[in-house]
Amino acid sequence: MNGFWVNFFFILLSLTAILSALYVVLTNNLVRAAFALFFTLFSVAGLYAILSADFIAVVQVMIYVGGILVLIIFGILLTRTVFDMSLYDKKMSKFWAGVIVVIMALIFLKVIFGTDWLVRSGTTIQPVTARLGNIFLSRYLLPFEVASVLLLVAIVGALFIARREVKKR
Amino acid sequence: MKLDINYFVILPQIVLTFFFLLQLVVDAYSRSTGRKSYVGYLALVGYALLAAIPVVVWGVTDTGFNGMVLFDKFAQFMDFLFGIVGILIVLIAPRYLDDVGRDRGEFYILLTASLLGMSIMVSTTNLILFLIALEIMSLAVYVMAGFEKEKGRSVEAAFKYFIMGGVASAVFLFGVALVYAGTGSVDASLIAKKVAGCKVLPVVLGGLTLVLAGFFFKIAAVPFHMWTPDSYEGAPTPATAFMAVGVKAAAFAGLMRILIVSVKPYPLVIEAILWTVAFLTMLIGNFMAVIQDNLKRLLAYSSIAHAGYMLLGLLAYKNGGLSAVLFYLLVYAFADIGAFAVLIALGKDGEPVEYIDQIKGKASIHPLLGAAMIIFLFSLAGVPPTAGFFGKLFLFKSAISAGYIWLAVLGILTSVVSLYYYLRVLVYMYMYEPSDVVPARQSVSVGIGLAVMSFFVLYLGTVPAKFIDIAIDALKKLV
C-alpha cells in the first residue's frame, strides 16, 4: 500500500473511532451506546492492521467485537431495568469535568507536539504472530504464566459473586 | 533469546501460588463433604512461609527471567511485611465473617491471590509484569470488598472500588504506552538509561504523570481518594484493614521502586506533582477525618492522611526518606490493622461495630481492648513511646533535611489535628457510660492478633534503631 492510501485509511478509521466513541459517551440510550461501541472497536482493529500488528487486529475483532460486545448487548437485553434509564449522574458537575478535560487536552497537545517521535525506518513489514509466540515463551515467559493466574483469580472472584447462596439453618 | 529461568528469585511467588491452588482444592472438597472449611489454617501456614523466606535468605540476592524479577533486599523486606499482614488479617477475619454469617473459604483464597499479586509487584521493574500483578491484587480485593454480597453497602463498596480501580489501571496502562513510545522500553531500569543524559521528553513526562496518577488511586492520595471512604465503609472490616494496609503498602513499594529506578533525580514536573499531592493529602485526609462519626470512614480518612505523610519520604529519597517510608509501613501495618481488630472484637453477632456511638463506654466492659485501642490510636497519631512516633520522626526528619520544610511543618501541624479525632474515639470509649453491659463474644484468634500487634507497636517504639537499620539496608542498592 502506498502512502496516500495508508493516510486515507488512517484518517478514516481514526475519525470513525473518535466519533463513535464520542457517541458512546454522549448518548442517553444504553443500547445505542453498545452498538456505537461496535464501530469504535472495529475501527481500532483497522488501526492495528495499518500498524502491521496483524495478530492484535485479529484478536481485537475476535475478543472485543465478537466476544465482549456481544456479552454487553446480551447483558443489556437480559437486564430489563437498565433499558430505559438516564445515564447521566445529576451530581456530576459538568463545569469541573470540562476543566479537567481541558487540562488533560493541553497536556496531550504538549506531548504530541513537543516530542520528536521515534519513526520506524522503512523496513519491510512482516507478520508478527510467530514472533509474538516466541517472545511469550522466552523473554515474557513469566508475565505469560502470571497472566494465567490472573485469569484464575478472575474466575474464582466471578464465581463467588455470581453464585446463589444456599441458606443454612 | 535465552530462557533465564531462576526458581530461587520467584520462591515467594511459587509458595503463594502453591497455597492458592491448594486452598482452592481443599475448599472445594471440604464443601462437598459438608465439613467446615480449613483453608484459613492453610493460609496461616502459607503466609508464615512467605514471612520466613526473607528472614532465611536475607541478603542473598539474585535476578532472573532476563532481569525481569529482582529478588533483592527491598523485595525481601516487603515480602516479609506482606506475610505479617496476611497472618494478622487471617487472625482477625474469622470473628467478623462469623458475626455477619459469611465465614467462607473464598475470603482466604482471595487473600492469598492478592498477596501473590503484591509480592510480584514489589519484585519487578518491568511495567507489563507489574500491571498484571497489580490486576491480580486488585481483582481479588474487589471481591473481598464485596464479600457481604447481600448487603447493599458492601456491594456499593466493591462496585466503586472496581470502577475506580479499572479507571486507574487504564490510566496507568496509557501512561506505560506513552513511556514506551518515548523510550522504546517498558522496563523501568532501561527507561532510566534512555532518560539519563538527555533531556526528558514530554511524552515520557506525560506518561510518567499518568503512571503516577494510577498509583495515587491505589494509595488513595488526594485528589484520587474519592472512592476511599465509601469503599472502606462498606467493605467487611477485615477486608477494609487489608485494603488500608496491604494494598497501600504494595502500591507504595511499587511506586518507590518504579519511580526511583526510572527517574532519579526527579524532573521538576514530577517533583511538583508529588509536592502538591502530598500537601493536599495530608491536609484533606486529616481535616475530613475530624467530622466523621463512622469509625471505618474515620480510619479511611486517616489512612489517606498517612499516605500523605509517606509521600514526604518519597520526595526526600536522597536523605533516607525511602527507608523512613519502609519503617513507617511496618509500624502503620501493626497499628492500623490493630485499630480495625479492636472494632471487630467489639462487634456482636450480626451487628458489627461501625459508628462511634456503638463503642460508648466499652473500655469499662473490655479494659484490655480499651488499652489496646489506646496503643494503636496513639501510634497512628504519633505519640511516644509508641512506634508511630518514630515513624513520623524519621519521615519528617528526612523531609526537613531534604529541604521540604513547609511540607514537614504541615505534617506536624496536621498530626496535631489527627490527635483530636483519635482522642475523640478514646473519649467515647472511656468517658461515657456504656449503653449495654453485655460483653462481646471472646475470640482467641483476635486476642492473639491484638496481643502481637500491641507488642510490636510498643516494641518498635522502644527499640526502633534495629528496624530502621534493616530498612536502610533494604534500600541501599535502590537509591
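Buried area is the accessible area (1.4 Å probe) that two parts lose on being put together, summed over both. This is a predicted model, in which local features need pLDDT of at least 70 and side-chain atom pairs count only at pLDDT 80 or more, while totals for chains, interfaces and linings use all residues. Residues are numbered from 1 along each chain as its sequence is written, chains are lettered from A and ligands numbered from 1 in the order in which they are written, and side-chain values use heavy atoms, without hydrogens and water.

Q: How much area do chain A and chain B bury between them?
A: The contact (heavy atoms within 4.5 Å) takes 29 residues from chain A and 43 residues from chain B. Of the area buried, 80% is on carbon and sulfur atoms. The total is about 3100 Å².

Q: Which side chains meet in a salt bridge at 3.0 Å, N to O, between chain A and chain B?
A: A salt bridge is a side-chain nitrogen of Lys or Arg within 4 Å of a carboxyl oxygen of Asp or Glu. Between chain A and chain B the count is one. The side chains are those of B:Glu106 and A:Arg163.

Q: How many salt bridges are counted between domain 1 of chain B and domain 2 of chain B?
A: An automatic or database domain assignment gives the bounds, with domain 1 at 1-166 + 227-253 and domain 2 at 272-479. B:Arg297 forms a salt bridge with B:Asp230, with the closest N and O atoms 3.0 Å apart. Between the two domains the count is six.
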